[in-house]
Amino acid sequence: MLKTDVVVIGAGAVGCAIARELSKYEINVIVVDKNEDVGGDASKSNSAIIHTGYDATPGTLESQLVVAANPMYEKLCKDLDVPFAKIGAILPAITDEQFEKLPEIKEKAFRNHVYDVEFLTGEQLLAMEPNLNPEVKGGLYIPRESIIDPFILVQAYAENAHANGVEFLLNTKVTGIKTENGKIKSVETTNGEIETTYVINSAGLYCDEIAEMVGKAEYKVVARKGQFYILDKNTSCKVEHIVLPIPTKVTKGKLMCPTIHGNMLVGPTAEDQESKVDKSTTAEGLNSIAVDVRNLVPNVNLRDTITQYCGLRPNRNPEGLHFDMYEDLEGYVNLSGVRSTGLTLSAAMGKYVVQQMMYHGLNLKLKENFISKRKGIVKFAECTLEEQAALIQENPLYGNIICRCETITEAEILEAIHRPLGAKSMDAVKRRVRAGMGRCQGGFCGPKVIEILARELQCDPTEINKNNAGSYMVTGTTR
């Protein structure tokens, strides 16, 4: 039986941020996740926006955490080498009815202590974004809305936590939690039992199922499907800012924005469903995106799509972001209702959870040798010609281009595989270095990446998965 002080259930953005924060202290931590890679479920299929919290419900924990987290990201991303850009967002009003809502939205921003939201005229918005609907009557500008690489953020949290002593057990599903005399005793998993004093439930979509194991599921998680388009980098119609619709009670609406790597992201839908695994895209959902986004950006060219994908937000019923500890169950921490702002608030949530645990009696001592920085994988495509030549001189495998769409080299793929918590599947390679994320979506580089993974992991190509166990890329030989 393994033994630790804290078990964090869930290796998404929030779980890994909490683990990193705990790794600053003299305490033993194990992160457990059912998936084969860090990144959770919602954390790897979202809009990749770092929000300001201007439209959160004032006075809520969500508002508090998002507003606190936003200014953390410049330093955090610099320390952890995560792609990040503060590009700003605009909220254009196309109709008179939408225009009348702008003062209310700005007032809400002020109640959330987001004071840099400004009114702009239609002419000013069109000067910023010429592809906007020319009927725009005015809108709001939110300058600190930002974009990020969500895959790299979670990997960076996890790698930095690991460098500071946190252990990660992936491909490990929690099957039960044992308690004794009103205290946490151990966590049962598919890979054995872990004796622990604390359990932090940050399981996202499955947090209600974990809570049921200790009789604390006073809520239900309903998966809210969000479908997206990703457009080619060379699409004919682009925007420079995050273009947001006027939000509704159900959703922030369907947006258009650049990704940190230069594609255009369009969506998402908001469709509640019972299934927590159905991530299929539908013609109906994608058509609804086309209709709504064309109200904002009429010339958006969805024929330039290179892929569509779907994410599931862990919508809580009753709604609201909740942090709970219990007098009758010492050592159990429950997080629920972490939805579309979860990526953003992860930076603040890590600090909040640890501080609350200290308020409830956890005695922590800071490490003297905490490693605060992490270096990411060199991006060959972003280097100058001189830098590329130097890399090839040092390691000739930088001269072997595997993914032509994104100019990803064999050296980068090898580092993705052999780093701590390295890639063991096709999707894990893709999320680390973007091999397969370009125009052909792995049509050319896929077989070569399978070959490299099999060689480096010393297994047969038929054992290489797309992601989780059983999602085999090939089934056998043809000759």
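**Salt bridges and overview**

D41 and K279 are joined through their side chains by a salt bridge, with 3.6 Å from N to O; the term denotes a side-chain nitrogen of Lys or Arg within 4 Å of a carboxyl oxygen of Asp or Glu. The model is a predicted one, in which local features need pLDDT of at least 70 and side-chain atom pairs count only at pLDDT 80 or more, while totals for chains, interfaces and linings use all residues. Residues are numbered from 1 along each chain as its sequence is written, and side-chain values use heavy atoms, with hydrogens and water left out.

**Charged pairs**

- By the rule above, the count of salt bridges is 36.
- D41 belongs to the loop between β3 (29-32) and β4 (49-50), and K279 to the loop between β19 (271-273) and α8 (283-296), so their bridge ties together parts that are 238 residues apart in sequence. Helices (H or I, at least four residues) and strands (E, at least two) are DSSP runs, numbered from the N terminus.
- D41 is buried, at 15% relative accessible area, whereas K279 is partly exposed, at 33%. Buried means under 20% relative accessible area, exposed over 50% and partly exposed in between, with a 1.4 Å probe and protein chains only.
- A salt bridge also connects the side chains of D232 and R439, at 3.7 Å from N to O. D232 is in the loop between β15 (220-231) and β16 (242-243) and R439 in the loop between α12 (426-433) and α13 (446-457), so this pair ties together parts that are 207 residues apart in sequence.
- Within that pair, D232 is buried, with a relative accessible area of 8%, while R439 is exposed, at 58%.
- R339 and E319 form a salt bridge of 3.6 Å, N to O. This pair links distant parts of the chain, 20 residues apart: R339 is in the loop between β22 (329-336) and α9, and E319 in the loop between β20 (305-317) and β21 (322-326).
- R339 is partly exposed, at 26% relative accessible area, and E319 is partly exposed, at 48%.

- The largest nonpolar core contains 54 residues, and Y73, Y157, F168, I200, L335, M349 and V353 have the most contacts inside it. Such a core is a set of buried Ala, Val, Leu, Ile, Met, Phe, Trp, Tyr and Cys residues joined through side-chain atoms within 4.5 Å.
- Helix α9 (residues 342-359) supplies the largest share of this core, nine residues.
- Beyond its neighbours within four places in sequence, I200 has contacts (heavy atoms within 4.5 Å) with residues including V6, V7, V8, V333, L335, V353 and M357.
- Apart from this core lies another, of 26 residues, among them I9, A203, Y206 and V214.
- Helix α1 (residues 13-22) is largely enclosed by the rest of the structure, because 10 of its 10 residues are buried.

**Aromatic rings**

- The structure holds six aromatic pairs. Rings of Phe, Tyr and Trp (its six-membered ring) pair if their centres lie within 6.5 Å; planes under 30 degrees apart count as stacked, over 60 as edge-to-face and the rest as tilted.
- Y73 and F84 form a stacked pair, at 6.3 Å centre to centre and 20° between the planes. Y73 lies in helix α3 (residues 73-80) and F84 in strand β5 (residues 84-85), 11 residues apart.
- Y73 is buried, at 0% relative accessibility.
- F110 and Y115 make an edge-to-face pair, because their ring centres are 5.2 Å apart and their planes stand at 65°. F110 is partly exposed, at 34% relative accessibility, and Y115 is partly exposed, at 48%.

**Cysteines**

- The count of disulfides, meaning pairs of cysteine sulfur atoms within 2.5 Å, is zero.
- The sulfur of C16 is 15 Å from the closest cysteine sulfur, that of C77, which is too far for a bond. C16 is buried, at 0% relative accessible area.
- C237 is in no disulfide, as the nearest cysteine sulfur, in C257, is 13 Å away. C237 is buried, at 1% relative accessibility.
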